[in-house]
Amino acid sequence: MLVLKSKRSALLASVCLLPALLSQKASAQFMPVHQHPAASRQTVGDDVISRNQRIEEIEVRGNDRIETSTVLSYMVARPGDTFNQDDLDRSLKTLYATGLFKDVTLHRSGNMLQVQVVENPIVNRIVFEGNHAAKDEDLRKVVGLRPRAVFTAEAATSDRQKILEVYAQKARYGAEVTPQLIKLAHNRVDVVFQVNEGPQTLIKRITFVGNRHFSEAQLAGVVSSKETAWYRFFSSADQYNPERLRYDAELLRRYYLANGFVDFQMVNATGEMSPDRKSFFVTFTIKEGPRYRLGKIDIRSSLRHMPAVKLRKYVEVYPNQWYDGNAVQQNVTNMEESLQSEGNPFAMVRPEIARNPEKQVVNLLFDVSEGPRMYVERLDINGNTVTRDNVIRRQMPMSEGDPYTPVLKKYAKQSLEDLGYFKTVTINQGQGSAPDKVNVSTGVVEKPTGEFSLGGGYSTDVGVIGNIGLKQHNLLGTGIDAGISGTMAYYERQVDASITDPYFMNRNLVVGADLFYINNHYQTYQNYSESRYGITLRMGYAYTNHLSQSFNYSLMERGVSGVWDHSSQYILDNQGHSLLSQLGTVLQYDTRDRRMLPHKGFILRLGGDVAGLGGDARYLRGKFDAAYYLPLDDLMNNHDWTVEFKGGTGFMTDWGHGKDWIIDNFYLGGNNLRGFWDGGVGPRAIGQDTPVGANRAGEDMLGGRFIYTGSVTVHFPIPYASSMGLRGRAFVDTGSLAGLRVRRRLTNPEKDGSLYQGVSGDTLTPRVSAGAGISWKSPFGLLNIDCGVPIRRSYNDRTQLLRFGFGQQF
């Protein structure tokens, strides 16, 4: 008798653990077999198998779900074949390899080959127990077993490993996963993955080996991985992740290249688990090499009508500064953009460097030439289900027939990502119908653009704040931004409804409108309340990437109420309602590298307002503001140090016979002069019935016609706290406000020798304050604290030592 069999363990009744099942190995053998190498016949027990005997019939037994024809189709041996040991062995392995059977036995009975099978069970459902850090749906995405699929031990083993990998990504390297089976009727099973997650395996220590120029604290601020600390309960930066380790190695490389270390090498980046499997020790081994400065900077140009001497103005780096690969590449990009916008659409700039290790300098050459001429033949847009095609096309810096350069591809992607409408944006180019033609394909994946926000916080100005808002940034796929919001604070009430079309009539024209209601109770620094409601119409136009202009028209009803009985006559004169009709414009030139926390560049704003096109107020108001940001990278060997220079001035004058309302005046203090209360500097008057020489802390602030401000602020990282989102600053502020602007000037300062109606503080003498502050980007919102100490002030200026604000939308 000939028997070929694959031994497998039977399924456990009711609930059975899989480890034993998973450890078993399939076996295929003749039982019992004795074969001599020189023999021409095989002896099995008492039977002698002749190589010439043939299989007359194959009988399949034990199959329930699987058709007999299906079983036979997998076999190598066929009726009419001889009983060949190789064919039978291959048939056995093939049947088992299908994954359909738990046990397979080949048995010869005369000239009949009997195939006895035990089918693998069918998966009824997949269950996960004990998992909290990973959701069921996340685990189901990675496992291969599915309901109504055939269960195999190998598949369970593979799924167990995949689940462990999920937990490894969550820094739970001590997790245990045990597959279990629950046997059901009709050869079905429930597969249960019992998970013991264990504690997170966090980074206990990060060490740098080979660093000489930068301290471990500086380099720790560069990498994204962080050592575990009590305050990182909202962060995953202290969780060990091999992918993040590779990213950190790249961050270190970029950091060193940006600081002159051209020969920097990342030798190794490793993570070693502690013996108790509770923490990781991360080590970065680096080789810094020498530090290079920029030496000679040359330009070579092959462009027509553009000699090298004319290109000198585009060079933004300078000799003797530490070599910065990022700055050089940015200079190349800026130079290409400038040349392409000035009539050289195919201009290309290639930087070439030559090291001089002896002098530790890098000579830099900008090679300017004309690249290959390429034109856009077709522009395709795919994947947008909500956003209209024209909304995407108008953001593209190119259209059919335009010259095409790689820079345009980068800016097209950035422009679409800045919209905030898409999860992902891809820009691909393909060959067109001719060698100088390209087809540009834009692929996007939409994301929700609606926003419901609730917020809370505290401000020194208005006290405890609560707000609620509903916005849609891509209304019906048109790109129109619309929303409504409300703010409730201790000293303020506000409701706003706005709508903005960033491409009005498919032109580079921003048009919008705002409806608003504001009620301020100025109890912190004024003796009255003010309300405003009305509409503002807005329009803006961008002339270039840096130069833009906006126009606005406001029509609003204002009211002054809640005036204290003992307020000055100047405040009493402003009680009641007024109508303001104002037209304004702002011309802006902005070269900052980013709007939030700028590091370099400058911004200039020139604005003006005209009131009197109807309404009660008639005035002209002009304003100018400027800010310049100076990076201290070379001096401090750190990209987080920035000096901010700011200055501004404003002047207003009256025309016609309109009424002068103090609520239109300039006010100084608070945000524009730290160390002083809002409106705490400038002309002021004491209230009625106040004896001469009495405490004047309750004076009414009247504002003024002319204002000037200036400040110098140094932004710096806080050692060992930058990873917490903390940044520090030190500042010196100066400014002044003067020019009494009231509806009527009281000429009798003393009345009956006891009442005082005079005005003080009407002087341009500069006030000066100095101090420091911190910003904390906390998990609950942005917290700003400034401590300002007045160094020079006028008599009875209202000072404020500490100023802070806190809030968050969620």
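## Model and conventions

This is a predicted model, in which local features need pLDDT of at least 70, side-chain atom pairs count only at pLDDT 80 or more, and totals for chains, interfaces and linings use all residues. Residues are numbered from 1 along each chain as its sequence is written, and side-chain values use heavy atoms, with hydrogens and water left out.

Helices (DSSP runs of H or I, at least four residues) and strands (DSSP runs of E, at least two) are numbered from the N terminus. Buried stands for under 20% relative accessible area, exposed for over 50%, and partly exposed for values in between (1.4 Å probe, protein chains only).

## Salt bridges

Side chains of opposite charge can pair when their charged atoms come close. The structure holds 31 salt bridges. The criterion is a side-chain nitrogen of Lys or Arg within 4 Å of a carboxyl oxygen of Asp or Glu.

One of them joins R300 and E352, at 3.5 Å from N to O. R300 belongs to strand 15 (residues 293–301) and E352 to strand 16 (residues 347–356), so the bridge ties together parts that are 52 residues apart in sequence. R300 is partly exposed at 41% relative accessibility. E352 is partly exposed too, at 36%.

K413 and E417 sit four residues apart in helix 11 (residues 406–419), which puts about one helical turn between them. Relative accessible area is 32% for K413, which is partly exposed. E417 is partly exposed as well, at 35%.

## A buried charged network

Where do R741 and D660 sit in the chain? Their side chains form a salt bridge, 3.6 Å from N to O. The pair links distant parts of the chain, 81 residues apart. R741 is in the loop between strand 35 (726–738) and strand 36 (750–751). D660 is in the loop between strand 31 (642–654) and strand 32 (684–685).

R741 is buried, at 0% relative accessibility. D660 is buried at 13%. A network of salt bridges links D654, D660, R705 and R741.

## Nonpolar cores

A nonpolar core is a set of buried Ala, Val, Leu, Ile, Met, Phe, Trp, Tyr and Cys residues joined through side-chain atoms within 4.5 Å. The largest one has 27 residues. Those with the most contacts inside it are Y528, I571, L580, Y619, L668, L702 and V742. Strand 25 (510–521), strand 27 (547–561) and helix 12 (569–572) each give two or more residues to this core.

A second, separate core has 23 residues. Its members include V262, L294, V315 and V332.

## Cavities

Rolling a probe the size of a water molecule over the atoms shows where empty space is left. Here a cavity is a set of points, on a 1 Å grid over the protein atoms alone, where a 1.4 Å probe fits but cannot get out; lining residues have an atom within 4 Å of a point. Grid points are joined across faces, edges and corners, and a volume is the space filled by probe spheres set on the points.

There are two cavities of 30 Å³ or more.

## Single positions

Contact means heavy atoms within 4.5 Å. The contacts below leave aside residues up to four places away in sequence.

D609 lies in strand 29 (residues 601–615). D609 is buried, at 8% relative accessible area. Its contacts are Q582, L583, G584, T585, Y619, L620, R621 and K623.

G735 is in strand 35 and is buried at 0%. G735 is in contact with L668, L673, Y708, T709, T765, P766 and R767. G735 and V681 are 54 residues apart in sequence and 9.0 Å apart in space, C-alpha to C-alpha.

Key: 1 Å grid on protein atoms, 1.4 Å probe; cavity = no way out; pocket = protein on both sides within 12 Å on 5 of 7 lines; lining within 4 Å.
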